Amino acid sequence: MLKGIPSNVSSALLKALADMGHGDTIVIADHFYPAATMGAGGIVIDAKGNGTLDMLRSILQLIPLDVEYEEYPVKLMKPDPGFEEKLKERPALWDAVRETVAAYEPQAGMGFVTRTEFYEHARRAYITLSTSEEQPYGCVILQKGVR
């Protein structure tokens, strides 16, 4: 047992976060995301039973974001052009992610990338964290910084 480590951070995730270097990325993937396929080049960790916000809060307690060198160290997935109408309303999760990031890293920029661009970024992620998030477009990429 370690003090100060959130209970939803497994030993595998803790080790992977510690092993990340500056500029490495972690995907917090929703329930529908093909984590095993997309994360094949990195480390895939199961965080079922947790949502995106649960894991985001826990991770941001442990790692800095790349606010010095990256305009958007937080990237959210949005629909590809032509598919916006499938999104009936703006996901509430997007605003909750913004508020959560601001609480831990107020200077961190948050950008949106299309689903296709998100997948391109995600293929290079060091960690893919598979959650039970069921809100649409509930995937986030974080880029680790230094401090």
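Visitor: What makes up the accessible surface of the protein, and how much of that surface belongs to carbon and sulfur atoms?
Guide: The accessible surface comes to about 7600 Å², by the Shrake-Rupley method with a 1.4 Å probe, and 52% of it belongs to carbon and sulfur atoms. This is a predicted model, in which local features need pLDDT of at least 70 and side-chain atom pairs count only at pLDDT 80 or more, while totals for chains, interfaces and linings use all residues. Residues are numbered from 1 along each chain as its sequence is written, and side-chain values use heavy atoms, with hydrogens and water left out.

Visitor: Why is the protein called as compact as a globular protein of its length?
Guide: Its secondary structure comes to five helices and six strands, where helices (H or I, at least four residues) and strands (E, at least two) are DSSP runs numbered from the N terminus. The radius of gyration is 14 Å, close to the 15 Å that the globule rule gives for 147 residues, so the protein is as compact as a globular protein of that length; the radius is taken over C-alpha atoms, and the rule is 2.2 Å times the number of residues to the power 0.38.

Visitor: Why does Tyr-137 count as buried?
Guide: Buried means under 20% relative accessible area, exposed over 50%, and partly exposed in between (1.4 Å probe, protein chains only); Tyr-137 has 19% relative accessibility, and therefore counts as buried. Tyr-137 is found in the loop between β5 (127–130) and β6 (140–143), and its phi is near 55°, a positive value in a residue other than glycine. Most residues other than glycine have a negative phi.

Visitor: What makes helix α3 mostly covered?
Guide: In α3 (residues 52–60), seven of the nine residues are buried, among them Leu-53, Met-55, Leu-56 and Ile-59. The buried residues of α3 pack against α1 (11–19), β1, α4 (92–104), β5 and β6, a contact being heavy atoms within 4.5 Å.

Visitor: How do you know on which side of α5 its buried residues lie?
Guide: The buried residues of α5 (residues 115–122) are Phe-118, Tyr-119 and Ala-122. They cover an arc of only 100° around the axis, which puts them on the same side of α5, the arc being that of the directions from the helix axis to the C-beta atoms. What covers these buried residues includes β1 (25–29), α2 (35–38), β3 (74–78), β4 (110–114) and β6.
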